[in-house]
Amino acid sequence: VPALRRACGDDSSYVRINAAHAIGQIGPGAKTAVPTLIELLKHEDRHTASAAAGALGKIQGNIRATVAALTESLASQDDNYDSSLVDALAALGPRAKKAVPELTKLLDDREGWVRRTIALALAKIGHPNEETIAQLAACLTDPESFVRCAAVEALERLAKKYAVAPTALPALTQATKHNTPE
C-alpha cells in the first residue's frame, strides 16, 4: 500500500488512476490510503478524482472523513456530474447518511440518468428525511420512465426499512393510476 500511495502522487494521470484502482482492489486492507485518496478527490484531473472516489467506496475506511470528502466533492461539482462519487456513497450504505441532504438536492437535476442514479443511491443509504421522500415521490411523475421506476424501487426499499409508506402512498397511488406500462 505505501508504494501505491506514492504512485497516487505521480505526474502521470495514467499512473495515478491505476494506483487508485489498485488500492480499491485491495479493499478494506488499504485503509491507510484513505487520506491520500481523499486528497486525490480534489485533483484537477477528473479521471483521477473519479478513480479515487471509486477506491474510497471499496475500502470503506475512516467513514466520517470519507463521507465528508465525498459529499463536499459532490456539492462542489459543476455540470460535469461524476457518478463515481454517488456510487461510492451508495457503497457505504447507511454509514453515508450524512450525505442524504446533498444527494436529495440532485433529484432535481436536468439529466434523467442523474436522477435515476441518485434515487437508487438514496435507497441503498437509507435514513430518508421528509424532503427526500417528497423528492422521490415527485420523481414518480418524471417524464423518463427509468426515473419513475427507480423512484418506485427506492420508495419500496425505504418503506421496508423505514416508515415512509404513509408519506409516499398518495404519490404512489396517483402514479399507478396515470402511468401505463411502456
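**Helices, burial and a pocket**

Trainee: Why is α8 described as largely enclosed by the rest of the structure?
Mentor: This is a predicted model, and the answer rests on relative accessible area. A residue counts as buried under 20%. Helix α8 has 14 residues. It is largely enclosed by the rest of the structure because the buried ones number 11 of the 14.

Trainee: Which residues of α8 are buried?
Mentor: The helix covers residues 112-125. The buried set includes G112, V114, R115, T117, I118 and A119. Also in that set are L120, A121, L122, A123 and I125.

Trainee: Which helices do the buried residues of α8 pack against?
Mentor: Packing is judged here by contact, that is, heavy atoms within 4.5 Å. On that basis, the partners of the buried residues of α8 are α6 (83-92), α7 (100-105), α9 (130-138) and α10 (145-161).

Trainee: How far does α8 reach from its first C-alpha to its last?
Mentor: At 1.5 Å a residue, the expected value for this helix is 20 Å. The model comes close to that expectation, with a reach of 20 Å.

Trainee: Which residue follows α8, and what is its phi?
Mentor: The helix ends at residue 125. Next comes G126, with a positive phi near 80°.

Trainee: Is R157 buried, partly exposed or exposed?
Mentor: R157 belongs to helix α10. Its relative accessibility is 34%. Buried means under 20% and exposed over 50%, so R157 counts as partly exposed.

Trainee: Which residues are closest to the centre of the largest pocket?
Mentor: The largest pocket has a volume of about 370 Å³. Its lining has 18 residues, and the closest to the centre are L41, H43, A49, S73 and Q77.

Trainee: Which elements give two or more residues to the lining of the largest pocket?
Mentor: S73, a residue of the lining, lies in helix α5, residues 63-75. The elements that give two or more residues to the lining are α4 (46-59) and α5.

Trainee: Is S73 buried or exposed?
Mentor: S73 touches L41 and L85, not counting residues up to four places away in sequence. Its relative accessibility is 13%. The cut-off is under 20%, so S73 counts as buried.

Trainee: Is Y14 buried or exposed?
Mentor: Y14 sits in helix α2, residues 13-26. Its C-alpha is separated by 9.2 Å from that of H47, which is 33 residues away along the chain. The relative accessible area of Y14 is 61%. The cut-off is over 50%, so Y14 is exposed.

Trainee: What share of the residues in the chain is buried?
Mentor: The chain exposes about 9600 Å², of which carbon and sulfur atoms supply 52%. Counted by residue, the chain has 182, and the buried share is 46%.

Notes. Residues are numbered from 1 along each chain as its sequence is written. This is a predicted model: local features need pLDDT of at least 70, side-chain atom pairs count only at pLDDT 80 or more; totals for chains, interfaces and linings use all residues. Side-chain values use heavy atoms; hydrogens and water are left out. Helices (H or I, at least four residues) and strands (E, at least two) are DSSP runs, numbered from the N terminus. Buried means under 20% relative accessible area, exposed over 50%, partly exposed in between (1.4 Å probe, protein chains only). The expected span of a helix is 1.5 Å times one less than its number of residues. Accessible areas come from the Shrake-Rupley method with a 1.4 Å probe; for residues, only the protein chains shown count as cover. On a 1 Å grid over the protein atoms alone, a cavity is a set of points where a 1.4 Å probe fits but cannot get out, and a pocket is an open set with protein on both sides within 12 Å along at least five of seven lines; lining residues have an atom within 4 Å of a point. Grid points are joined across faces, edges and corners, and a volume is the space filled by probe spheres set on the points.
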